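Here is a short briefing on a structure. Look at the model before reading the points below.

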Amino acid sequence: MALDKPYQDVPGTTIFDAEQSRKGYHLNQFCMSLMKAENRQRFKANERAYLDEWPMTEEQKQAVLARDLNRCIASGGNIYFLAKIGATDGKSFQYMAASMTGMTQDEYAQMMLQGGRSPEGNRYRGEQK
Amino acid sequence: MAKITASVYTSHVPAIGAALDNGKAAEPYWQPVFKGYEPSKVWMKENTPDVIFLVYNDHATAFSLDMIPTFAIGCAEEYQPADEGWGPRPVPVVKGHPELAAHIAQSVIQDDFDLTIVNKMDVDHGLTVPLSVMCGQPQAWPCQVIPFAVNVVQYPVPSGRRCYTLGRAIRKAVESFDAPLKVQIWGTGGMSHQLQGPRAGLINQPWDNAFLDQLIADPEQLSYKPHIDYVREAGSEGIELVMWLIARGAMSERAPKVVHRFYHVPASNTAVGHLILENT
């Protein structure tokens with residue numbers, strides 16, 4: 001029987017549930033490894049070689065190489081883990097957040113200063129923005 | 001006997017800690033945030049407890065995906081501030097209270113809540129930012145702290161109802177500890193925010209303020225709010241607010257005294273909410 005997942009109709013949102021966590025285990029543990037300075041250095045020296053040490057899918061590796069966080073999330077990544085890639089790159093969290101929304105960092109920061117993204121039109125998939 | 005004197009609720013946005021650590025607290029962007037905590041720091045000095053039972057969540061720091069405890073109670077002597085990728089925050093070591101923590105673990109597990117006992121872990125911004133906003137930048141934290149980590153990273157997270165009833169079990173445990181300790185319970189995280197996907201940046205000010213109203217006046221009813229309401233209305237990371245219900249559940253059944261209330265948007269990607277409630 002299918003489990004109840006009412007959050008699947010929330011637009012622009014992927015809930016990191018047990019299923020996503022299973023898919024993303026190695027991707028997220030790769031991210032976790034970047035908390036150590038020596039691993040960050042090895043990753044930066046040869047990203048592909050470092051990724052190949054992990055039993056990740058090719059899609060996950062390509063998503064990391066492209067720094068496409070939405071693709072990373074679709075293949076099981078969780079934002080708190082993925083943030084460690086941004087930290088390795090010396091990027092702020094706000095830069096990473098903006099990169100997932102199709103906005104520039106300035107546009108995103110301005111939206112936050114003006115009170116953030118409104119929930120109006122953003123509660124259900126298919127709503128008019 | 002020990003008793004719970006008050007509860008404190010606050011967001012734990014990492015950028016707030018970074019602003020303080022890097023001397024940016026007086027900048028126009030951050031000044032309104034820290035101003036909101038000025039009365040709190042005064043109150044904290046005048047009402048320093050013996051122990052803070054600090055409910056927070058770990059953000060892929062002490063717990064990777066190797067182990068995901070739903071409720072984890074820290075029973076250690078002390079906890080080091082974690083290196084989250086930028087070096088540890090320059091804040092004091094957190095001193096625990098192993099005797100009270102072990103007593104609470106014993107009591108709460110016998111009340112059917114399956115806690116994970118943690119005897120060694122580092123603590124991340126989820127725990128240290130609340131201490132910073134309430135205590136400033138002291139050489140040592142003014143009291144002992146029992147870290148209580150809740151999984152709100154991987155779904156399903158515990159329900160609001162379960163958090164609220166857990167708070168009641170914690171109250172019972174504290175009140176049966178045979179030493180005259182003053183204990184505060186803090187609930188941290190929130191308020192509305194979403195850090196992932198094309199909907200990142202979501203903030204819902206009316207919803208947040210209604211949550212604060214109901215947390216004060218009718219937490220029993222609030223505890224039945226389903227997860228999907230948090231996600232849809234307050235963003236995927238707004239679910240952290242279930243942790244506030246643990247602290248509220250630990251308060252007396254009598255109406256609390258509202259000592260301080262503060263709300264501000266934005267701090268980086270997040271709405272900041274803060275309450276101090278005293279038992280009457």
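Start with two helices of chain A: H1(A) passes H6(A) in a left-handed crossing. The model is predicted. The predictor gives the complex an ipTM of 0.96 and a pTM of 0.97.

**Two helices in chain A**

- Helix H1 of chain A covers residues 18-33, and helix H6 of chain A covers residues 79-88.
- Their axes come within 8 Å and cross at roughly 45°.
- H1(A) and H6(A) are therefore oblique to each other.
- On the H1(A) side, the meeting residues are Asn28(A), Cys31(A) and Met32(A).
- On the H6(A) side, they are Phe81(A), Leu82(A), Lys84(A) and Ile85(A).
- This contact is made up of five nonpolar residues, one polar residue and one charged residue.

**Where chain A touches chain B**

- Chain A has 41 residues in contact with 32 residues of chain B.
- Five helices of chain A give two or more residues each to the side that touches chain B: H1, H5 (69-74), H6, H7 (93-101) and H8 (105-113).
- Which element gives the largest share of that side? H1(A) does, with six residues.
- By class, that side of chain A has 23 nonpolar, 14 polar and four charged residues.

**The sheet in chain B**

- Chain B has a mean pLDDT of 97, and 100% of its residues reach 70 or more.
- Chain B holds an open sheet of eight strands with mixed pairing.
- The strand order is E6-E3-E7-E2-E8-E1-E10-E9.
- Which strands are at the edges? They are strand E6 (116-118) and strand E9 (257-267) of chain B, and each pairs on one side only.
- Neighbouring strands of this sheet are turned by 20° against each other on average, direction ignored.
- Strands of a sheet pair through backbone hydrogen bonds, either parallel or antiparallel.
- Strand E3 (residues 71-74) of chain B pairs with E6(B) in the parallel sense, over three bridges.
- To find one of these links, look at Ala72(B): its bridge partner in E6(B) is Thr116(B).

**A helix on the sheet**

- Helix H10 of chain B, residues 242-249, packs on the sheet.

Methods:
Residues numbered from 1 in each chain as written. Chains lettered and ligands numbered in written order. Predicted model: local features only at pLDDT ≥ 70, side-chain atom pairs only at ≥ 80, totals over all residues. Axes fitted to C-alpha atoms, helices over the stretch in contact; angles between N-to-C directions. Helix = DSSP H or I, 4+ residues; strand = E, 2+ residues; numbered from the N terminus. Parallel < 35°, antiparallel > 145°, perpendicular 65-115°, else oblique. Left-handed = near helix turned anticlockwise from the far one by under 90°. Contact = placed C-beta atoms within 7 Å. Nonpolar A, V, L, I, M, F, W, Y, C, P; charged D, E, K, R; others polar. pLDDT = per-residue confidence, 0-100. Pairing = 2+ DSSP bridges.
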